[in-house]
Amino acid sequence: MVYDFNNIEKKWQARWAKNKTFKADSYSKKPKYYILDMFPYPSGSGLHVGHPLGYIASDIYSRYKRHKGFNVLHPQGYDSFGLPAEQYAIQTGQHPAKTTQENINRYRQQLDQMGFSFDWSREVRTSEPDFYKWTQWIFLLLFDHYYCNISNMAKPVRELIEHFEKNGNESLDAVCSFDTPQFTYVEWSGFSENEQQDLLLNYRLAYLSETEVNWCADLGTVLANDEIINGVSDRGGYQVTKKKMKQWSMRIGAYAERLLKGLEKIDWPESLKEMQRNWIGKSIGAKVLFQIEGYEKKIEVFTTRPDTIFGVTFMTIAPELDLVQEITHPDQKEAVTAYIDETQKRTQRERMADIESCTGVFTGSYVLHPFTQERIPIWIGDYVLADYGTGAVMAVPCGDQRDFDFAKHFDIPIKNIFKNVSIEKKAFTDKEISVIDNSDFLSGLSYEKAIKIVIQKLELQGSGEGTINYRLRDAIFSRQRYWGEPIPIYYKDKLPQPLKLKHLPLDLPEVENYLPTAEGYPPLGNAVTWAWDTQKEKVVENKLIDNQTIFPLELNTMPGWAGSSWYFYRYMDAQNSDAFVGNKAAQYWREVDLYLGGSEHATGHLLYSRFWQKFLFDINLLPVEEYAKKLINQGMILGNSAFVYRKPGTQSYISKELIHESEKLEPIRVDVNLVNSSDELDVESVRKWQPQFENADFKLNNGVFKVGREVEKMSKSKYNVINPDEICEQYGADTLRMYEMFLGPIEQSKPWNTSGISGVHNFLKKYWRLFHEGNDIIVKDEQPSKKELKILHETIKKITYDIEHFSFNTCVSGLMICVNELTALNCHSRAILSPLTLLLSPFAPHLASEIWEKLGNQNTIDHVDFPVANESYLIEDTKNYPVSFNGKMRFTLELSIDLDNSAIQEAVLQDKRVVDYLEGKTPKKWIIVPNKIINIVY
């Protein structure tokens, strides 16, 4: 009987779907285990072989945990709001919902054919109104809370208002916007309602403000920092510039310290934790105030080296600060304006990464030194960022290399404030051994002592204070897109007013045009029906807006990370229409036990979701402060790209073997599916593939054309994508699953090589033959041998340990070794092959299920207890001794380990081979090392 994997896999996939085999119990006496993959965005191109890597690993572990007696929740869904569907809608006029549904259908078909044990009854889609209703609701909760520094948690805005009514904000210790004015309770009571609401925006965790953003004109939207790579958009590679816009933001900075401390409580990769630590960027230092000469305003700087304050010779501020225009001297206006224009063409990341350039312009204004009152020139420079710290730097060229280079370049004086140190060629930056000099009351002090004293002096005269700064900036939440969650806000007197829970979801309106409006408003500005009637409490036509009872709705939508910041809780209680997750479900499942996904989300999704989790924990809606106990970042499966080489300016292509080292040729990508395992190009197929090759001249070598290869990221644009559908059709899903695991450790990236997959497929066929002879099952109810038991239980022990440690590649090799050894022994014992089938089940579930049924089991294999290694079978009771004659090893002899030396001699002398070697001679000496060697001297 042949291994008919295609029909076997279809059979079991249909049965699992019909019987809802993997549906998790909502509540169970079994221990729970929640394992989750980062849900995919359903793109039009479907899955390639690199995408399932994490899904296979999580599925293996899910199946294993079911075998171990756990109530396993292993759900799947779709992060279905996204820019690609919107761009396609712009090009074709087809509604993104239709495109998204078609893509989801394709994804589902591909996921099902790989045998994943997902609980599809809990499927979520972020673009469905019954899901984004709760995303909108969480936004409203954030809008209705502020962050109290005293209790170190979020509190309702109503408590803030009560405090203002009694005390104003002078004694308040809460996170707020940088430019929040101070006021008394008397002043608060005198403010109009609009003025009060405007002030409250300075405290709300979700707030509206004028913000400098990353604007991508080609995409017509704002991008987050993590959506920009090398100054262009991650999606499409379009130019990104700086622009000031009224934007919704999230006050994630309030949670900076808790986000840092929380990393110590979770089992996440250390490299990812370090990425988050660097992104949050905690710095301990001092806030220093410098009075601007001739103005009432002061410039506030944050510095980690206040001990160097007497070395300040200039001030550098971010070009994008509004202050720049206010303080620039008329003589410098033209130069400053030109510099600002140039700066706006560069992204934050470009400016941060550029450590070589030295650019800046003098504003013509000065600040006064807080201790000496010395005039200090104010410059603008693009190495200072408006949203890091205060957007201003006190420049100490003797102690900072960038300041040193800037001062040298612009011929600004450099003061040396370090004792016995030369700064002629470079700045002195080793604070641990520095002794301060030429610094008034700080002279002669070490770094540590000087820090304490200068902070005391600054605080005493009201010129600064010791503080902690974080690089983490508040997250821009608005997107100028159509295909996203509507923000549940309407505007009264230009101030945001929240909808109520009963009004949600606020559904996306229909529009005819998915581009921004002619006036530059976001695509929702094209909607005919997009106004809020406060009396009827429903959406009505825009033409009815009267700003009395009918008001305009928010035109921006939420970012892609909104739905993904809480979706893992919706899986716990996906059908609940009364809550985003019920308390009972939240208390039972609590958190994700194992989360798998890519490290590229470290400073995006994985940071924003931790922020939302902590907020929802603060307001007692969730039972834990961190949502994922353990995280594994799977590596990538890389593509093995193929290249042909063209002579410049011609249509002549040369086989790789004919290329001389000195030749300068143009590498041109070709589809890897047109190349065989020997790197030979199907020339006729490539002619039909693209017009540029139709009449090309291919220089063959011995009748074949060989391509060049390069391992790189698998991508449709690189023509190196391998379709898993074809692999499943040719080899089966079980082969694909095991091959992807066999490629290497789950955390590492590894290249795909289709030619290597046949080895895994042959292994599965060999496993099949253990059970079959012709069309018959040859499994027998016979007593297994000690050797067979030892092989089985060694494998059980290894597979159990390796699965628990996520070493799936060594599991596959262990199973291969086991099957090879049992095949060599001609093993057909049910007592051996039945547990072996359970070991294979997490990896090749279709084949294991089929064999399990053929063995006569009435119940399916999916929840059968995993075998446990019996250590007694692993104890060695014999030893294979190497037997030597006069020091030369001739053969091995298996003997009981319990024999003493005389019994060993007796057993050896009875072996015919010994008699032959001795040739009638009597041994002169025996050298026996128990359990090691036997040497006969004659």
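Guide: The protein chain here has 29 helices and 36 strands. Bear in mind that this is a predicted model.

Visitor: How many of its residues count as buried, and how big a box do the C-alpha atoms fill?

Guide: Of the 938 residues, 53% count as buried. Along the principal axes, the C-alpha atoms fill a box of roughly 115 × 75 × 70 Å. The chain exposes about 42,400 Å², and carbon and sulfur atoms supply 48% of that.

Visitor: What share of the contacts comes from residues 24 or more positions apart?

Guide: Among contacts with a separation of 6 or more, they account for 71%.

Visitor: What makes the buried residues of α1 line one face?

Guide: The residues in question are Phe5, Ile8, Glu9, Trp12, Gln13 and Trp16. Looking down the axis of α1, you find them within an arc of 125 degrees, so they line one face of the helix. In general, an α-helix has 3.6 residues a turn, so residues three or four places apart point the same way.

Visitor: And which residues of α1 are exposed on the other side, and what covers the buried ones?

Guide: Lys10, Ala17 and Lys18 are exposed on the other side. The cover for the buried residues includes α2, α4, α21, α22, α23 and α27. Following α1 comes Lys20, with a positive phi near 50 degrees.

Visitor: At what angle do the axes of α22 and α25 cross?

Guide: They cross at roughly 115 degrees and come within 7 Å. From α22, the contact uses Met738, Met741 and Phe742; α25 brings Phe808, Asn809, Val812, Ser813, Leu815 and Met816. By class, that makes seven nonpolar, two polar and no charged residues.

Visitor: Why is Lys494 called exposed?

Guide: Exposed means over 50% relative accessible area. Lys494 has 76%, so it counts as exposed. This residue sits in the loop between β18 and β19, and its phi is positive, about 65 degrees, although it is not a glycine. Most residues other than glycine have a negative phi.

Visitor: What about Glu919: why does that one count as exposed?

Guide: Its relative accessibility is 64%, so Glu919 also passes the 50% cut-off. You'll find Glu919 in the loop between α29 and β35. It has a positive phi too, about 50 degrees, although it is not a glycine.

Visitor: Last one. What is omega for the peptide bond from Leu504 to Pro505?

Guide: Omega is near 5 degrees, and the bond is cis. Most peptide bonds are trans. As for where to look, Pro505 is found in the loop between β19 and β20.

Technical notes: Residues are numbered from 1 along each chain as its sequence is written. This is a predicted model: local features need pLDDT of at least 70, side-chain atom pairs count only at pLDDT 80 or more; totals for chains, interfaces and linings use all residues. Side-chain values use heavy atoms; hydrogens and water are left out. Buried means under 20% relative accessible area, exposed over 50%, partly exposed in between (1.4 Å probe, protein chains only). Helices (H or I, at least four residues) and strands (E, at least two) are DSSP runs, numbered from the N terminus. The arc is that of the directions from the helix axis to the C-beta atoms. Contact means heavy atoms within 4.5 Å. Axes are lines fitted to C-alpha atoms, for helices over the stretch in contact, and angles run from 0 to 180 degrees between N-to-C directions. Ala, Val, Leu, Ile, Met, Phe, Trp, Tyr, Cys and Pro count as nonpolar, Asp, Glu, Lys and Arg as charged, and the others, Gly among them, as polar. Accessible areas come from the Shrake-Rupley method with a 1.4 Å probe; for residues, only the protein chains shown count as cover.
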